[in-house]
Amino acid sequence: MQPLPKASSREADSPSGSGDVRADFTVDQNWERYSDEDHAIWRELFDRQAALLPGRVVPEFLQGLDFLSVAAEGIPDFARLNQLLGKATGWQIVAVPGLVPDEVFFDHLANRRFPATHWIRNRAQLDYLEEPDLFHDVFGHVPLLANPVFADYMQAYGKGGLRACGKGALQYLARLYWYSVEFGLIQTPEGLRIYGAGIVSSKSESIFALESPSPNRVGFDLERVMSTLYRIDDFQETYFVIESFQSLFDVTAQDFAPIYERMNQRPDYDPGVILETDSLLSRGNGSYHR
Ligand code: HBI
Ligand code: FE
């Protein structure tokens with residue numbers, strides 16, 4: 001059993017989250033309890049990304065933002081989002097206090113429930129915080145859940161995660177999530193675009209991921225991604241690039257068990273390595289991480 005994640009320190013004092021956490025780790029959002037400062041922080045983060053992302057983010061992200069009318073004026077009420085999202089792809093947002101145990105997380109995804117943190121960061125954390133907050137989850141992850149193919153991928157990922165729990169293969173699924181859902185890039189006719197929530201919700205990484213000469217950009221390959229370690233505290237040394245959301249969904253159709261067998265035989269790769277088998281879009285000079 002995974003050690004339970006530390007209850008987010010904000011849980012105790014954040015007025016917006018109700019104290020009692022249910023067995024599935026969900027809480028009430030209590031939208032009416034957000035302070036003016038909470039909404040002001042949402043507006044500041046939203047405006048910053050809205051100015052930066054056109055031309056950098058995959059168009060489906062902006063379509064999702066628009067469809068769900070996630071806008072600058074303030075923190076969205078999950079109940080309102082859920083009416084639109086439910087009709088579009090059957091997904092629902094459920095409020096949680098923060099990181100939840102892996103198998104709880106996978107079970108929510110497998111049932112088209114996206115766990116979104118109910119509290120938003122404070123001013124001191126505007127540019128970086130160590131765990132996902134409401135802005136990362138709702139602005140970063142939710143808009144693409146309105147895209148039918150990506151919505152199917154996220155549910156298939158959750159089901160794969162539940163199967164992996166039983167096989168001690170969680171680390172491979174965590175890497176797949178990290179290099180796709182959190183930090184993935186996608187090829188489009190107009191060029192490379194961002195779709196990973198960790199990039200989309202970060203001002204500095206939205207620029208770094210596409211424009212810096214430092215990181216490698218490598219064609220997505222499932223076993224390569226599952227074998228590659230990642231950094232949780234800084235920009236990525238390598239970004240993996242998918243051809244389309246359909247191609248990402250298609251990798252989940254296969255049985256992962258034989259892949260886990262092969263994974264257990266081969267070494268893990270450090271985040272910045274390049275393999276001769278890689279389809280290399282651009283070789284980084286590593287200047288940022290040196
Ligand atoms: N819990 N609320 C929340 N959000 C996440 O993104 C999350 C999580 N628990 C586990 C987890 N992510 C990672 O282990 C995934 O790679 C599975
Ligand atoms: Fe995330």
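# Reading loops, packing and fold

Q: In which loop is the place of Arg112?
A: Arg112 lies in the loop between helix 5 (102-110) and strand 2. Helices (H or I, at least four residues) and strands (E, at least two) are DSSP runs, numbered from the N terminus. This is a predicted model, in which local features need pLDDT of at least 70, side-chain atom pairs count only at pLDDT 80 or more, and totals for chains, interfaces and linings use all residues. Residues are numbered from 1 along each chain as its sequence is written, chains are lettered from A and ligands numbered from 1 in the order in which they are written, and side-chain values use heavy atoms, with hydrogens and water left out.

Q: Does Arg112 count as buried or exposed, and what is its phi?
A: Buried means under 20% relative accessible area, exposed over 50%, and partly exposed in between (1.4 Å probe, protein chains only). Arg112 has 16% relative accessibility and therefore counts as buried. Most residues other than glycine have a negative phi. Arg112, which is not a glycine, has a positive phi near 60°.

Q: Which loop holds Phe25, and what is its phi?
A: Phe25 is in the loop between helix 1 (9-13) and helix 2. Its phi is positive, about 70°, although Phe25 is not a glycine.

Q: How is the packing of helix 2 and helix 10 described?
A: Two packed helices are described by the angle between their axes and the distance between the axes. Axes are lines fitted to C-alpha atoms, for helices over the stretch in contact, and angles run from 0 to 180 degrees between N-to-C directions. Helix 2 (residues 36-52) and helix 10 (residues 203-211) pack at about 20°, with axes 9 Å apart. The two are therefore roughly parallel (angles under 35 degrees; over 145 is roughly antiparallel, 65 to 115 roughly perpendicular, the rest oblique).

Q: Which residues make the contact between helix 2 and helix 10?
A: Contact means heavy atoms within 4.5 Å. Helix 2 contributes Arg48, Gln49 and Leu52, and helix 10 contributes Lys203, Ser206 and Ile207.

Q: What does the chain look like as a whole?
A: The protein chain has 13 helices and seven strands. Its radius of gyration is 18 Å, close to the 19 Å that the globule rule gives for 290 residues, so the chain is as compact as a globular protein of that length. The radius is taken over C-alpha atoms, and the rule is 2.2 Å times the number of residues to the power 0.38. Of the 290 residues, 54% count as buried.
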